[in-house]
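Subject: Structure for you to look at

Hello,

Please open the structure below and keep it in view while you read. My notes on it follow.

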Amino acid sequence: MSQLIKLNDNVAHIAENEWAVVQLPPSLVEARKQAGKVVLFKLTGEKTVSEEQLSGTVIPESGKVIVPLSVFIARKTQLQSRINAGEIGVWVDTHEVLADLALHQADLNQLPIIAVHVERFADGRNFTLGVLLRTRYGFKNELRAIGDVLRDQLFFLKRSGFNSYLIRADRNAEEAMLSLKDFSAPYQGAVDEPRPAFVRYNRTA
Amino acid sequence: MYKYDEIDQRLVDERVAQYRDQTRRYLAGELSEEEFRPLRLQNGLYIQRHAPMLRIAVPYGMLSSKQLHKLADITHKYDRNYGHFSTRQNLQLNWPKLEEIPDILAELATVEMHAIQTSGNCIRNITTDQFAGVAPDEVVDPRAMAEVMRQWSTFHPEFALLPRKFKIAVSGTKEDRAVVQMHDVGMEFYLDGNKKVAIKVWVGGGLGRTPILGAVIREHLEWQHALTYCEAIIRVYNLHGRRDNSYKARIKILVKALGIDEFRSQVEAEWAHLKDAPNTITEAELARVAKHFEAMPYAALPAHDASFDAAIASNPAFANWAKRSLHAHKTAGYRAVTLSLKPHGKAPGDATSEQMHVVADLAEQYSFGELRVSHEQNLILADVKLSDLFAVWEKARANGLATPNIGLLTDIICCPGGDFCSLANAKSIPIAEAIQMQFDNLDYLHDIGDIELNISGCMNACGHHHIGHIGILGVDKDGSEWYQVSIGGSQGNNASIGSVIGPSFSAEEMPAVVQKLIDVYIKERTPEELFIDTARRLGVAPFKAYVYAKDEVVA
Ligand code: SF4
């Protein structure tokens with residue numbers, strides 16, 4: 001069965017996954033990614049992805065693929081016709097900077113899908129990235145959570161603007177779907193419902 | 001105090017159901033230990049030495065009699081007949097069963113309580129002054145804003161999994177009693193030049209391994225923007241705070257790494273987008289919440305009461321207690337009362353089920369059915385008539401709640417430490433008890449005067465040792481328990497972090513060490529000086545010299 005949950009008009013369902021995720025070849029600097037970008041990379045000027053990784057990334061010749069942000073930026077000219085054909089999506093890691101994507105792709109809505117990859121479920125940067133993609137960068141198409149995606153974070157992902165969730169392979173997606181409805185009347189405004197409870201309801205007490 | 005409406009109640013009810021299912025999945029093996037961990041922590045459940053520890057939220061320290069009765073019942077039914085009030089103004093149960101937590105939560109929900117976000121890497125319980133609403137030096141009652149912020153922070157989706165815990169304190173008095181400079185975000189409410197409520201915002205303060213006072217990120221913020229401004233701060237932190245090393249993950253480290261100016265400019269850039277967003281607080285919402293915190297229906301009373309004055313004159317024990325335990329009140333004829341949870345030789349902050357019932361009854365009978373928990377781990381009746389104080393004292397005394405030591409050396413702030421906490425380097429409760437017994441003489445305590453002694457069992461500083469006039473920290477040396485002593489720390493407007501006096505001591509040495517510190521103070525003090533003043537004037541040197549001197553006779 002598919003591990004993909006999609007939200008259409010606030011109704012969740014299990015959907016076929018049409019998109020293949022392209023991975024970077026492994027590298028040695030990987031371990032440093034957990035650190036905050038500003039603190040680590042700005043101070044050291046380090047890059048997280050090497051030239052060899054960028055050129056060595058294998059992108060399938062055809063079909064719908066989600067490529068890593070760094071590869072998208074480095075090899076955009078090569079991908080341009082497929083971008084135009086709506087066959088290319090981009091995935092970002094939680095330590096990456098959305099401004100880099102916006103700089104190289106002025107119209108984000110030309111991308112049918114953006115995915116945010118979370119390596120460990122406890123890394124909450126993906127929520128902010130979702131919020132920014134929706135509210136700051138005006139991204140309207142499919143926003144997918146990939147990686148260590150588990151049931152108990154789905155409600156927060158939904159509220160942060162994600163509308164598709166690729167549940168980790170060893171978990172039951174059908175059951176996970178239930179947690180999208182954990183709370184029916186959250187307090188604060190967020191992406192899915194910008195108005196806080198005190199605006200939505202007439203809370204006279 | 002704040003009363004739930006249907007929206008609030010639905011949220012805690014849904015929380016009970018959610019957590020019940022999470023517990024079920026964990027017990028069924030569908031959630032790994034690692035996956036369950038943040039879930040249980042965000043519900044205040046730690047796995048401790050002997051049993052899980054459950055931390056129940058007491059938002060900004062306020063409780064009703066009904067709630068305290070329920071807490072007493074819960075400690076009786078699910079625990080060993082007592083609970084521990086913490087420095088975060090929360091209540092901790094030391095012996096609940098993991099399987100029974102959902103039932104405890106369900107019981108709490110019936111009295112508008114929960115354990116949401118009392119631990120874990122999220123926005124924690126918002127704390128404030130225990131005398132909010134009654135303190136004479138109050139400029140703005142911070143409780144309505146604290147409640148608005150509580151609601152906003154509850155299950156905030158963007159900040160559900162921060163790099164580390166995030167603590168916010170608010171205060172609205174001239175003399176800060178909420179330690180706002182020691183929090184990730186501190187908000188000081190004041191009236192600006194136009195007589196409008198404004199907020200001075202501090203960021204990056206904190207205790208723990210790297211104690212540091214917060215820096216001012218904004219001198220003037222209109223109250224309407226409290227939530228969006230916090231969102232800007234926490235967003236920058238969520239993205240850029242370190243996640244590779246939990247000791248370096250607090251916002252203070254990020255603020256330090258970037259410098260306050262760079263951090264501020266990033267926050268302001270973010271806020272430019274968030275300002276006036278829908279989470280901006282409306283007049284109507286603040287007014288709705290503030291209604292719950294309107295002044296109590298006080299009687300019109302004279303400033304003096306003959307029966308009270310007579311009791312003070314004729315009963316030295318009552319007078320002693322009154323001197324330490326009563327606090328000035330905005331309203332003539334009323335006092336705020338601190339009930340001591342620090343009887344000598346007992347774990348500081350602990351209250352038995354029976355004591356909780358007694359306090360709940362006292363609040364019901366004499367203080368409009370409400371009470372507060374202080375971060376000094378005592379309980380407060382905020383609105384007692386002068387003419388009722390004698391009766392309150394008698395009942396409190398009969399139940400071990402009237403030790404006249406508030407603000408004195410034995411009113412020790414103390415974390416649970418090695419007896420309960422799995423993070424501890426050393427025990428803290430027995431140290432507190434031993435010091436209390438060393439100074440078990442009220443005249444002597446009064447002579448020593450106002451002093452704060454704080455004990456933490458490890459670097460996490462739950463016992464606020466850095467800001468104790470005397471601070472004691474449990475450290476681990478080759479697997480045995482030692483104690484490092486500092487002096488000169490302080491809370492309040494002149495907050496400071498204490499300096500370590502030298503090599504650490506064994507548990508047995510501790511009462512004598514504190515005795516020596518006090519001896520130096522008594523010898524050196526000028527007539528008007530408190531311990532902290534003498535410590536600040538002289539610095540560490542004379543204290544250190546005397547404490548470490550070999551077997552000298554007292555000078
Ligand atoms: S200071 Fe350390 S020992 Fe004490 S309660 Fe906190 S974590 Fe536990």
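**A sheet in chain B**

In chain B, 5 strands make up an open sheet in the order β3-β14-β15-β12-β11, with antiparallel pairing. Its edge strands are β3 (62–64) and β11 of chain B, each of which pairs on one side only. Strands pair if DSSP finds at least two bridges between them; strands (E, at least two residues) and helices (H or I, at least four) are DSSP runs, numbered from the N terminus.

This is a predicted model, in which local features need pLDDT of at least 70 and side-chain atom pairs pLDDT 80 or more, while totals for chains, interfaces and linings use all residues. Residues are numbered from 1 along each chain as its sequence is written, chains are lettered from A and ligands numbered from 1 in the order in which they are written, and side-chain values use heavy atoms, without hydrogens and water.

β11(B) is joined to strand β12 (residues 334–339) of chain B by 2 bridges, and Leu326(B) stands opposite Val337(B) in β12(B).

**His327(B)**

Strand β11 (residues 326–327) of chain B contains His327(B). Is His327(B) buried or exposed? Its relative accessibility is 18%, so His327(B) counts as buried (under 20% relative accessible area; exposed is over 50%, partly exposed in between; 1.4 Å probe, protein chains only).

The side chains of His327(B) and Thr338(B) are joined by a polar contact of 2.6 Å. Such a contact is a pair of N or O atoms within 3.5 Å; within protein, one must be able to donate a hydrogen and the other to accept it, and residues adjacent in sequence count only if both atoms are side-chain atoms. A polar atom of the His327(B) side chain also lies 3.3 Å from the backbone oxygen of Ser325(B).

**Aromatic rings**

Over all chains, the structure holds 22 aromatic pairs. The ring centres of Phe155(A) and Phe156(A) are 6.1 Å apart and their planes at 70 degrees, so this pair is edge-to-face. Rings of Phe, Tyr and Trp (its six-membered ring) pair if their centres lie within 6.5 Å; planes under 30 degrees apart are stacked, over 60 edge-to-face, and the rest tilted. Phe155(A) and Phe156(A) are both buried. One aromatic cluster is formed by Phe127(A), Phe155(A), Phe156(A), Phe183(A) and Phe155(B).

In chain B, the rings of Phe166(B) and Tyr237(B) have centres 5.7 Å apart and planes at 40 degrees, so the pair is tilted. Phe166(B) and Tyr237(B) are buried.

Regards
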